[in-house]
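Let me put the thing up on the screen and then I'll talk you through it.

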Amino acid sequence: MKQTFYVTTPIYYVNDVPHIGHAYTTVAADALARYKRLSGYDCFFLTGTDEHGQKVEKAAEAAGQTPLALADQVVERYKELWKILHISADDFIRTTEQRHYQAVAALYQKVWDKGDIYLGDYEDWYCTPCETFWTQTQLANGNRCPECGRPTEKLKEKSYFFRMSKYQDALLRHLEETPDFIQPPGRYNEIVSFVKGGLRDLSISRTTFKWGIPVPNDPAHVIYVWFDALTNYITAIGFPGDQKRFERYWPANCHIIGKDILRFHAVYWPTFLMSAGIPLPRKVFAHGWWTVEGQKMSKSLHNVVDPYQLVQEYGVDPIRYFLLREVPFGADGDFSRAAMVNRINSDLANDLGNLFSRALSMVVKYRAGLIPTPSDLQPVDRGLEEVSKKILPQLAKQLDDLAFNKALTSIWELVNAGNKYIDETAPWALAKAEKDQPRLGTVLYQALEALRIIALLIAAFMPTTAEKMWSQLGMEGNLWEQNIGENGKWGGLKPGSKVAKPLPLFPRIEA
Ligand code: MSP
């Protein structure tokens, strides 16, 4: 039986439409999922939407809609974007689905049965017009609401609490025993010191608004939106009804999230699971945030980057490539058109695009499109093979570390080696003399074979480009049924098969 791999994105709030930050997390998870499938794993990749809570309730009110009607609309936007970006998710979960209500109630019940939930008083600063509680540190200018600027007041309400404090030691032990539980390491340290600073019990129900999953046995309360939302990760794989499927995929191999929601995933979620007696996810990876042309992305600055528009302007694969290549996953990055155009022109159009069209047009021109048989390999030919053999194992490790930018840099070692190889072997010169024909065949074969492997390796990152390369190289068989370990070995290209006339992979973009 295949080994399983379960990867998730956060579920996105429906009070806003998707932007480049959301696209980033999902593209990264997609690249990982595709890579794992191409490496022979039975991979389950989950994304979805987080539809309850006060924020959504308010956004709906402002739009004169019911929360569910608003969610229905925004969900379509997300689904459409994932289609455009070629996201290969296996499921799209909505927290308003029946299966999720059941899962949340079941998880709550397990925690309740453990004796970890009690009724208490929740006290904090309340903004009546906004109907929102704020903590002391969130308040603006004295006691004012950070959202509307009006004065807040101390208010008390009844709330159910989760005994999170009880799990402080167990969580700390888990962190110490499993140092790669939270990544990158800087984030791990952050969480360790937060937990060492002491865990307080957590309020997990609200009575000040209605849009949520009712607390079992006390429907005056709705379940806190993070308790609800985090449960999505187990709902989608069959909790609580389908034990077999649940055990097949749980614990998740990797929750990919943004750094802003780390505490929920690295502290709240594990303690809920500990209380319920469910194993913890293997890894939580917090990526960095994108600024735009040096500024924070925000509606009020009118600089929110719309992924639909970007795709229309630049195409899907260049955007996927840019997002994963430009900054190390985990670090913050700046999105600028100049940087993007630069990457597309240099790495994609010049390096990869050129290599592909040069090699393919020469085999069309000199060999009527038929892949030649290589013979008498020289050191320069072996050199190209060596690069390919070297990067394969590197890549597996880089993907395990979610070091997407390093993985792409490794693949580009082969792209660059391919271009250098053609420059050095000068097939156009070999084509002139009859005696050099066997040598020309070898050179063309080696160059095309490098491209076949490149197609396989970039498939997770740029699926459409890889498919185009695969079919233009005349490869039989579905690209997505290949196995990188097996089919990534040198020599898979069949002499005698026919390539297609090359079509440009990436048009150059005028700055
Ligand atoms: N609904 C919660 C997640 C619940 S998961 C159980 C949520 N939703 S969100 O829509 O606000 O954000 C989703 C993701 O988008 C987060 O991982 C967040 O880090 C990411 N990003 C939002 N803006 C971003 C940038 N400017 N840059 C990079 N990622 C950003 O939080």
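This is a predicted model: local features need pLDDT of at least 70, side-chain atom pairs count only at pLDDT 80 or more; totals for chains, interfaces and linings use all residues.

I'll start with the ligand and then move on to the domains.

Which residues come nearest to the ligand? There are 23 residues around it, and the nearest are Ile-11, Asp-50, Gly-258, Asp-260 and Trp-290.

A polar backbone atom of Ile-11 sits 2.8 Å from a ligand nitrogen, and for Trp-290 a backbone N or O atom is 2.9 Å from a nitrogen of the ligand. Then there's Tyr-13, where a polar backbone atom is 3.2 Å from a ligand oxygen. As for cover, the ligand on its own exposes 670 Å², and the protein buries 94% of that.

What kind of residues make up that shell? Count them and you get 13 nonpolar, 8 polar and 2 charged. In terms of elements, β1, residues 4-13, gives the largest share, with 4 residues. Also supplying at least two each are α1 (20-38), α7 (225-230), α8 (232-235) and β12 (254-258).

Okay, zooming out. The chain splits into domain 1, 4-287, and domain 2, 337-487. Their C-alpha centres are 43 Å apart. At the interface, 15 residues of domain 1 touch 19 of domain 2, burying about 1,400 Å², with 67% of that from carbon and sulfur atoms. On the domain 1 side, Arg-34, Tyr-35 and Leu-38 lose the most area to domain 2, together 50% of what that side buries.

That's me done, happy to take questions.

Conventions. Residues are numbered from 1 along each chain as its sequence is written. Side-chain values use heavy atoms; hydrogens and water are left out. A residue is near a molecule or strand if one of its heavy atoms lies within 4 Å of it. A polar contact is a pair of N or O atoms within 3.5 Å; within protein, one must be able to donate a hydrogen and the other to accept it, and residues adjacent in sequence count only if both atoms are side-chain atoms. Accessible areas come from the Shrake-Rupley method with a 1.4 Å probe; for residues, only the protein chains shown count as cover. Ala, Val, Leu, Ile, Met, Phe, Trp, Tyr, Cys and Pro count as nonpolar, Asp, Glu, Lys and Arg as charged, and the others, Gly among them, as polar. Domain bounds come from an automatic or database domain assignment. Contact means heavy atoms within 4.5 Å. Buried area is the accessible area (1.4 Å probe) that two parts lose on being put together, summed over both.
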